[in-house]
Amino acid sequence: MLYDDYYVKSLIQTVEDWPKQGISFRDITPIFSDPKGMRMVVDAYVHRYMATDITHIACIDARGFLIAAVLAYELQKPLILVRKKGKLPGKTISQKYALEYGEAELEIQEGSVKAGDEVLLFDDLIATGGTLFAAIKLLTKQGANIKEVAAIIDLPDLGGSQKLRDSDIPVFSLCAYDGD
Ligand code: AMP
């Protein structure tokens, strides 16, 4: 289905002061409950990545899973889960990162990627980039290369997408919002 920027943006709801005062939360759940919107979003990524040499799709807990799982199925690529601490069984490697207040930790199963793998890393939204950089460390520590970072939404004023590009990591997002 042809991507319609106006249609997809009309589905994304901005919830002011959630989860705390001063945050404009960009809620993508209406995309999941709109079959046309869901297809448009997934197809946009399918068209972008179907003729590339990506070997794996990695995605970040939890909203990132929902689009990336469909994409991995469509592109017939292995799906790698980057999860919040304590969710993955077996041997894992973990990476702490800073949040606005305090810190958080992401984990990946040991051996889920290796040298020579070309990974598309997916999350729903890029803000400061802290989450994506933590995921990138987990993947590159195991030898993989990050082919591109993809997101539905970029918040360019928070600087994450620019930091990624400054680190020579290509970034693709479907839409952007000014401010935070
Ligand atoms: P960051 O690490 O600052 O780039 O934050 C990105 C992560 O936090 C993503 O996984 C988003 O799900 C979530 N996030 C940050 N800011 C927002 C926002 N304004 N609306 C919705 N999700 C957000």
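Which of the 14 residues around the ligand come nearest?

Reply: This is a predicted model, in which local features need pLDDT of at least 70 and side-chain atom pairs count only at pLDDT 80 or more, whereas totals for chains, interfaces and linings use all residues. Residues are numbered from 1 along each chain as its sequence is written, and side-chain values use heavy atoms, with hydrogens and water left out.

Of the 14 residues around the ligand, those that come nearest are Arg63, Asp123, Thr128, Gly129 and Thr131; a residue is near a molecule if one of its heavy atoms lies within 4 Å of it. By class, the shell holds four nonpolar, five polar and five charged residues, where Ala, Val, Leu, Ile, Met, Phe, Trp, Tyr, Cys and Pro count as nonpolar, Asp, Glu, Lys and Arg as charged, and the others, Gly among them, as polar.

Polar contacts (pairs of N or O atoms within 3.5 Å) include one from Thr131, which has a side-chain N or O atom 2.5 Å from an oxygen atom of the ligand. Asp123 places a polar side-chain atom 2.8 Å from a ligand oxygen atom. At Arg26 a polar backbone atom takes part, 2.9 Å from a nitrogen atom of the ligand. Of the 490 Å² of accessible area that the ligand has on its own, the protein covers 81%, as computed by the Shrake-Rupley method with a 1.4 Å probe.

The ligand takes up the space of the largest pocket. A pocket is here an open set of points, on a 1 Å grid over the protein atoms alone, where a 1.4 Å probe fits, with protein on both sides within 12 Å along at least five of seven lines; a molecule sits in a pocket if more than half of its atoms lie within 2 Å of its grid points. Two or more residues of the shell come from each of β2 (24-27), β7 (118-126) and α5 (130-141). Helices (H or I, at least four residues) and strands (E, at least two) are DSSP runs, numbered from the N terminus.

Two loops deserve a remark on backbone geometry. In the loop between β1 (13-16) and β2 lies Pro19, joined to Trp18 by a cis peptide bond with omega about 5°. Asp17 lies in the loop between β1 and β2 as well, and its phi is positive, near 55°. A further cis peptide bond, with omega about -5°, links Asp61 and Ala62; Ala62 is in the loop between β3 (56-60) and α4 (63-75). Most residues other than glycine have a negative phi, and most peptide bonds are trans.

Definitions and conventions: Polar contact = N/O pair within 3.5 Å; in protein donor to acceptor, adjacent residues only side chain to side chain. 1 Å grid on protein atoms, 1.4 Å probe; cavity = no way out; pocket = protein on both sides within 12 Å on 5 of 7 lines; lining within 4 Å.
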